[in-house]
Amino acid sequence: MTKCGYVRVSTRDQHPEAQAQRLVAAGCDPANIYTDEGVSGKLASRPRWDECLAYLRPGDMLVTVKLDRIGRSIKNLIEVVTFLQDRGVDLVVLDQNIDTTTPTGKLIFHVLAAIAEFERDLIRERTMDGLAAARARGRVGGSDPKLTPDQVRRAREMYDETGTDGKRRWTVQEIGSTFKVSRQTIYRALEVKS
């Protein structure tokens with residue numbers, strides 16, 4: 001088992017040393033402490049955070065000073081907790097006294113994971129309700145067709161047309177250029193394999 005620490009400071013004026021010292025005191029090897037400096041928690045990509053997550057293995061422990069060091073928002077924090085749980089990594093948050101190696105910590109971990117699943121289910125349910133309401137109003141999903149029925153008919157004629165040598169007279173690329181659409185649009189409209 002490896003104890004990995006994560007430190008993040010938002011501005012260059014802040015110093016990560018105090019957080020790192022607390023992580024060392026909690027049992028983290030300084031070589032396994034990942035630090036992002038001058039990186040806002042709102043940024044999706046934090047280079048050292050990404051390295052830390054890639055390093056963690058089942059049975060390892062992630063230690064941080066505060067929950068807001070690892071999560072950008074409640075939603076993101078729940079995603080992180082779920083990711084750690086799925087990977088079999090324990091989490092210790094010093095200031096909030098969260099330790100998933102204890103029964104209470106595991107309970108908190110599972111509650112956060114259950115909230116994440118509940119949120120996903122609510123989003124899915126709202127999406128399905130919205131689609132059903134749109135269908136009831138006569139709307140269907142997806143973008144408008146790129147070709148009119150007449151253009152599809154003409155594209156089919158061009159596709160089926162053969163030259164004196166018995167080969168297709170028009171390539172799909174040429175048909176697409178005629179109607180100013182991609183080859184894939186022609187393939188979909190004609191329902192032929194690319």
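Author: A patch is made of residues with over 30% relative accessible area and no salt bridge, and nonpolar side chains are joined within 5 Å. In this predicted model, Leu107, Val111 and Ile115 form such a nonpolar patch on the surface. Together, these three residues have about 260 Å² of accessible area.

Ile115 may be examined individually. This residue is found in helix α4.

Helix α4, which covers residues 103–136, has the lowest confidence in the protein chain, with a mean of 82. Confidence is highest in strand β3, residues 61–64, at 96. The protein chain as a whole averages a pLDDT of 86, and 93% of the residues score at least 70.

The cysteines come next. A disulfide requires a pair of cysteine sulfur atoms within 2.5 Å, and by this rule the count comes to zero disulfides. Cys28 is in no disulfide, as the nearest cysteine sulfur, that of Cys4, is 7.3 Å away. Cys52 is likewise in no disulfide; for Cys52 the nearest cysteine sulfur is that of Cys4, 5.2 Å away. In terms of accessibility, Cys28 is buried, with a relative accessible area of 4%. Cys52 also counts as buried, because its relative accessibility is 0%.

Notes. Residues are numbered from 1 along each chain as its sequence is written. This is a predicted model: local features need pLDDT of at least 70, side-chain atom pairs count only at pLDDT 80 or more; totals for chains, interfaces and linings use all residues. Side-chain values use heavy atoms; hydrogens and water are left out. Buried means under 20% relative accessible area, exposed over 50%, partly exposed in between (1.4 Å probe, protein chains only). pLDDT is the predictor's confidence in each residue, from 0 to 100. Helices (H or I, at least four residues) and strands (E, at least two) are DSSP runs, numbered from the N terminus. Patches are made of residues with over 30% relative accessible area and no salt bridge: like charges are joined within 9 Å, nonpolar side chains (Val, Leu, Ile, Met, Phe, Trp, Tyr) within 5 Å. Accessible areas come from the Shrake-Rupley method with a 1.4 Å probe; for residues, only the protein chains shown count as cover. A salt bridge is a side-chain nitrogen of Lys or Arg within 4 Å of a carboxyl oxygen of Asp or Glu.
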